[in-house]
Amino acid sequence: MLGQPIQHSLSPLLHQAAYSFLDVPIDYARWETAESDIAHRFGTVPAQLNIRGYSVTMPLKKAVFNYVDRVGDFAQAIGGINTVYWREEKGQPISYGHNTDVAGILNALDWAGAQRSSQVPRAILGGGNTAASALAALRVLGSRQVDMYVRNQVKAQSLIPIADSLDIKLDVFPLEYFPCLASQYATVISTLPAGAADSWVPQLTNVLEGDLLDVSYDPWPSALALQWNELGGSVVSGKDMLLYQAIDQIKLFIGGTPSQKLPHELEMMNAMCDSISIPPRDRLRTWAIDPEASISSL
């Protein structure tokens, strides 16, 4: 796992639970990596060191584009790579970049009960890299118009071309507008850092019926999640997103594709759930996105 800081990440627990269940001899480790260190991580062909792949987190999701040989359609569309894996072609190791965050968001929302529809109003809180994945996920769910609430409207302008490429009309508003408008949304994805919503959460007072995915999971439950649930809304955590995006990574790291079903896959998922203390699943995930899939095909 590459990124900085990453000591808080639950990804090693999820991955090791899966590899132990599958009886695959893979060790998943954290490697603190700044942007200036990426070249070193790719300097010696990782396949020669028996490295199956890298999970990539902040602040590297854009920078690794310069170090992979090929990038899948989903990662290209949203401008972020969170998974690097190798395949041998004509005797040579070729590196691929993919983004499993989109499938992670889709399956977490599906677990919360969100439905595919072009009619329901949806919103995103925050305007960083995860917000781009959230836009793509909402496009797959049918959205053609999304409201975004951000702390820095200038920074969020970089997401407008991404929204345009996804055929989404994106309207950007100051974050402080959200509490009084929250009840109008059927789906809300908060990509805000931990604690960033705490100051205005008490302003949420109207009855809520929508689904909230709060990608932050430390601490959990967040103040936002607690208030949302108290007001009647459905809540799913970043741990659920992390679970589902990790499943696709695991399949790529063991040589498969996200759409391939593993033997006893539900049991593997529940071993992963147990490793990070989230409720077990009673069904397989709905969305599996292969690297070359296009958004229009889903």
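Author: The count comes to nine salt bridges, where a salt bridge is a side-chain nitrogen of Lys or Arg within 4 Å of a carboxyl oxygen of Asp or Glu. The model is a predicted one, in which local features need pLDDT of at least 70, side-chain atom pairs count only at pLDDT 80 or more, and totals for chains, interfaces and linings use all residues. Residues are numbered from 1 along each chain as its sequence is written, and side-chain values use heavy atoms, with hydrogens and water left out.

Start with Asp 101 and Lys 61. Their closest N and O atoms are 2.7 Å apart, and they form a salt bridge. Asp 101 belongs to helix α4 (residues 101-112) and Lys 61 to the loop between β3 and β4, so the pair ties together parts that are 40 residues apart in sequence. Helices (H or I, at least four residues) and strands (E, at least two) are DSSP runs, numbered from the N terminus. Asp 101 has 5% relative accessibility and counts as buried; buried means under 20% relative accessible area, exposed over 50%, partly exposed in between (1.4 Å probe, protein chains only). Lys 61 is buried too, at 10%.

Next, Asp 240 and Arg 281. Their side chains meet in a salt bridge of 2.9 Å, N to O.

Lys 251 has a relative accessible area of 3% and is buried. Glu 265 is buried at 3% as well. A network of salt bridges links Asp 248, Lys 251, Glu 265 and Arg 285. Contact means heavy atoms within 4.5 Å. Leaving aside residues up to four places away in sequence, Lys 251 touches several residues, including Gly 256, Pro 258, Leu 262, Glu 265 and Arg 285.

Four strands form an open, mixed sheet in the order β3-β5-β6-β4; two strands pair if DSSP finds at least two bridges between them. β3 (53-55) and β4 (70-71) are the edges, each with a single partner strand, so one side of each is left without a neighbour in the sheet. Helix α10 (residues 238-253) packs on this sheet and touches β3, β5 and β6; its direction makes about 20 degrees with that of β5. Axes are lines fitted to C-alpha atoms, for helices over the stretch in contact, and angles run from 0 to 180 degrees between N-to-C directions.

Within the sheet, β5 (residues 83-89) and β6 (residues 92-98) pair in the antiparallel sense over seven bridges. Val 84 stands opposite Gly 97 in β6, and Glu 89 has Gln 92 of β6 as bridge partner. The hairpin of β5 and β6 has two residues between the strands, and Lys 90 takes a positive phi near 55 degrees there. β4 and β6 pair in the parallel sense over two bridges. Gly 97 in β6 is the bridge partner of Val 71. Five of the seven residues of β6 are buried, so β6 is largely enclosed by the rest of the structure.

The other sheet is parallel and open, with six strands in the order β9-β8-β7-β10-β11-β12. Its edges are β9 (169-174) and β12 (234-237), each with a single partner strand, so one side of each is left without a neighbour in the sheet. On average, neighbouring strands of this sheet are turned by 20 degrees against each other, direction ignored. Helix α5 packs on the sheet, touching β7 (122-125), β8 (145-150), β9 and β10 (187-190); the direction of α5 makes about 170 degrees with that of β7. β11 (residues 211-214) and β12 pair in the parallel sense over four bridges. Asp 211 stands opposite Ser 234 in β12. α10 lies across β11 and β12, running at about 55 degrees to β12.

Arg 139 lies in helix α5 (residues 129-140). Arg 139 is buried yet has no salt bridge; Asp 167, the nearest side chain of opposite charge, is 4.5 Å away. For charge, Lys and Arg count as positive and Asp and Glu as negative; His and the chain ends are not counted. Not counting residues up to four places away in sequence, Arg 139 touches Arg 144, Leu 166, Asp 167, Ile 168 and Ile 295.
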